[in-house]
Amino acid sequence: MKRPGWAPENPAPTVGEMQLSERSSLRRVAGLSTELTDITEVEYRQLRLERVVLVGVWTTGSAAQADASMVELAALAETAGSEVLEGLIQRRDRPDPATYIGSGKAEELREVVLETGADTVICDGELTPAQLTALEKVVKVKVIDRTALILDIFAQHATSREGKAQVALAQMEYMLPRLRGWGESMSRQAGGRAGSNGGVGLRGPGETKIETDRRRIRERMAKLRREIREMKTARDTMRAKRTTSGIPAVAIVGYTNAGKSSLMNALTGSGVLVQDALFATLDPTTRRAALDDGREMVFTDTVGFVRHLPTQLVEAFRSTLEEVTGADLLLHVVDGSDALPLEQIKAVREVITDVIKEQGTAAPPELLVVNKIDAVDPVELTRLRGLLPDAAFVSAHAGTGIEDLRERLSEVLGGLDVDVTVLLPYSRGDLVARIHADGRIISSDHEEGGTRIRARVPQALAAALSEFAHAGAAQE
């Protein structure tokens, strides 16, 4: 017999907990990777990320910014399943066009690789194919850049069909100019009288093997783009339903690992995946929640941003990023414990601005939320409060400031509402119910022609009520 208040000792795990358990059970195996394998006989720069050495070029900014960039690169490498052994920074006016870090530093890097036994070098920037090849010849181990590393993390973390397609497209766009052959094998040509299938249209030198593989990759990319467009249509339909419902949409955006998913769980009580790792969330998650005043809203947890986010990812994830442009409010989450939180804010706003410009829409209002305040030094926290006076300061993990944030959300979303006066026929009880659920009724009178209501409602609901607005105003 169950007593009042009884709860099972082992409650059912949430979806996020199950995803985390599944992700934690996966371990990178030496020699295996997440690179694409559907094109044969081509070297894909397989990511053997077991023991790595990091190298960066410091061209602009302060020493603290350069160090922070390397710390972030180390976190990215560890998220991909690597063991970071050493890190080097080269101070230069610009990266060396031949080897990225210069011939002298490349020889020094070779010595570090030999001493540490590293199998991969990761560069903190996007290298040209020529730079990758030249640096590999010196250090004698695999060299990858920041873009390839981020793509690898995305490949590991993508779970939905749309997410996997977006990552695959981004990988192919990155790899297409970087295909390399196995020595002379890629210069093989077919055609002429070399085979029994020769004839009209098949004579001549024909394609080399690498040209064939490039063509196949382009065909695969075209197919992926079509699939993503089809999935975008379904996403647009779901977004349109949420818009016509009149419920405000709040997009939670921010730097990767700023605590967006934790904040969403704290605000909605949901159990989405939370992990102390970069790019733990790739697939947007939407949850509905009610504020203290009974007003409902929809929260969407989005993919995190990062400094120098690869352009291939921005292009591939465009349909996902449209969740940001269609929101009524952006909840911009910042990691207060980060060494350079203002740099985080700048990087996120740059990406959002680029997406909004391409969409040709107005930017939604933004509410800045400084998270992880329980891990911030009191002096630094005071400084941040002075620099960001309009921000909300919370700790999603400890629950600090969550109620204050709910009040701020009510105030901000209330400011987005509009006043309407409508005369609703008695047959439209559904609209009356929506006004009660999503708006605030100022006055209500029953008349011969219907119910005359003066209320403050969200803009989407005001649009749905527009056909009854004239009748309501005419009888005032």
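## A helix across a sheet

Angles here go from 0 to 180 degrees between N-to-C directions, with axes fitted as lines to C-alpha atoms, for helices over the stretch in contact. Helices (H or I, at least four residues) and strands (E, at least two) are DSSP runs, numbered from the N terminus.

A word on the model before going on: it is predicted, so local features need pLDDT of at least 70 and side-chain atom pairs count only at pLDDT 80 or more, while totals for chains, interfaces and linings use all residues. Residues are numbered from 1 along each chain as its sequence is written, and side-chain values use heavy atoms, leaving out hydrogens and water.

Two strands count as paired if DSSP finds at least two bridges between them.

## Two packed helices

Elsewhere, helix α2 (residues 63-79) packs with helix α5 (residues 146-157) at an angle of about 40°, their axes 9 Å apart. Their crossing is left-handed, meaning that the near helix is turned anticlockwise from the far one by less than a right angle. From α2, the contact (heavy atoms within 4.5 Å) takes in Ser69, Glu72, Leu73, Leu76, Ala77 and Thr79; from α5 come Arg146, Leu149, Ile150, Ile153, Gln156 and His157.

How enclosed is α5 by the rest of the structure? Ten of its twelve residues are buried, so α5 is largely enclosed. Buried means under 20% relative accessible area, exposed over 50%, and partly exposed in between (1.4 Å probe, protein chains only). Among the buried residues of α5 are Leu149, Ile150 and Ile153, which also take part in the contact with α2.

## The three-stranded sheet

Now for another open sheet, with three strands in the order β11-β13-β12 and antiparallel pairing. Its edge strands are β11 and β12 (440-447), each pairing on one side only. Neighbouring strands are turned by 10° against each other on average, with direction ignored. Helix α14 (residues 429-438) packs on this sheet and touches β11, β12 and β13, its direction making about 30° with that of β13.

β13 (residues 450-457) is joined to β12 by seven bridges, and a hairpin connects β12 to β13 through two residues. Along this pair, Asp445 stands opposite Arg452, and Ser444 has Ile453 as its bridge partner. Seven bridges also join β11 to β13, where Val418 stands opposite Val457. Six of the eight residues of β13 are buried, so this strand is largely enclosed by the rest of the structure.

## A look at Asp419

Asp419 lies in β11 (residues 418-424). Asp419 is partly exposed, with a relative accessible area of 48%. Leaving aside residues up to four places away in sequence, Asp419 touches Ile442, Ala455 and Arg456. The C-alpha atoms of Asp419 and Ala462 are separated by 8.2 Å, although these residues are 43 apart along the chain.
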